[in-house]
Amino acid sequence: MKIPKNYASCEENIKGSRFLSELFLISSQAEVREKIKAQKQKYADATHVCHAFICGKNAEIMGMSDDGEPGGTAGRPMLDVLKGSGATNLLVTVTRWFGGTLLGTGGLVHAYGNGVKNVLAQAEFEELVEKSDFSLCADYQQYQIIKKIFEDFTLYEVSEDFGEAITIKGKIAATDSESFGKKIFDATNGKILPIMSI
């Protein structure tokens, strides 16, 4: 499975109606609800804010909404495109400002489905890596040793807090977490064992 690396957007005008497609990286259904609420507030002047999302390690959680468009003309075609993309942890909203000309059911299905295809084409993707959180505390001498070990691994979202001791937090691929912990433990003569959690 792949996940989006970045936010993406694109816009299209069809017979006077404006369609704004936006793609967001999400990690839970609760996040989807918050994002939809924010989108509806942001675009209070829009006629519809339709959406579809997929999340979960195996793309097992999904949902959609026509948001007032005729049933099956917006959310369903959007979700169908997402299901065919091989991606997870993403939400696409298509916001429509009605331009006065009815598009008919076929026109709507095409407009919403295409909106998702176009915004997917704008996004960059990366492989979904299951990550473990880690945290450790080191003195300034140990910090130099640990920093060298960090160079051997791909780490994500690392933060360092310098006080009397240095607190380091971050994420590492779950498959590397055991060897990462062992290397630090060995290099610091058993003084430091990172606390790991999935």
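Buried means under 20% relative accessible area, exposed over 50%, and partly exposed in between, with a 1.4 Å probe and protein chains only. The model is predicted, so local features need pLDDT of at least 70 and side-chain atom pairs count only at pLDDT 80 or more, while totals for chains, interfaces and linings use all residues. Residues are numbered from 1 along each chain as its sequence is written, and side-chain values use heavy atoms, with hydrogens and water left out.

**Exercise 1.** Determine where Thr-93 lies, whether Thr-93 is buried or exposed, and what its side chain contacts.

*Solution.*
Step 1. Thr-93 belongs to strand β6, residues 90-97; helices (H or I, at least four residues) and strands (E, at least two) are DSSP runs, numbered from the N terminus.
Step 2. Thr-93 counts as buried because its relative accessibility is 0%.
Step 3. Its side chain makes a polar contact with the side chain of Gln-39 at 3.0 Å. A polar contact is a pair of N or O atoms within 3.5 Å; within protein, one must be able to donate a hydrogen and the other to accept it, and residues adjacent in sequence count only if both atoms are side-chain atoms.
Step 4. Contact means heavy atoms within 4.5 Å. Not counting residues up to four places away in sequence, Thr-93 touches residues including Leu-20, Phe-24, Ile-36, Val-49 and Met-78.

**Exercise 2.** Identify the buried residues of helix α2 and the elements against which they pack.

*Solution.*
Step 1. Helix α2 covers residues 75-83, and its buried residues are Gly-75, Pro-77, Met-78, Leu-79, Val-81 and Leu-82.
Step 2. These buried residues pack against β4 (48-55), β5 (61-65), β6 and α3 (104-122).
Step 3. Met-78, one of the buried residues of α2, is also among the residues touched by Thr-93.

**Exercise 3.** Classify the exposure of Ala-187 and describe its surroundings.

*Solution.*
Step 1. Ala-187 is in helix α5, residues 177-187.
Step 2. Ala-187 counts as partly exposed because its relative accessibility is 32%.
Step 3. Leaving aside neighbours within four places in sequence, Ala-187 is in contact with Ile-145 and Ile-149.
Step 4. Ala-187 and Ile-146 are 41 residues apart in sequence, with a C-alpha to C-alpha distance of 7.8 Å.

**Exercise 4.** Describe the overall fold and dimensions of the protein.

*Solution.*
Step 1. The protein contains five helices and eleven strands.
Step 2. Its C-alpha trace spans about 75 × 30 × 25 Å along the principal axes.
Step 3. Of its 198 residues, 41% are buried.
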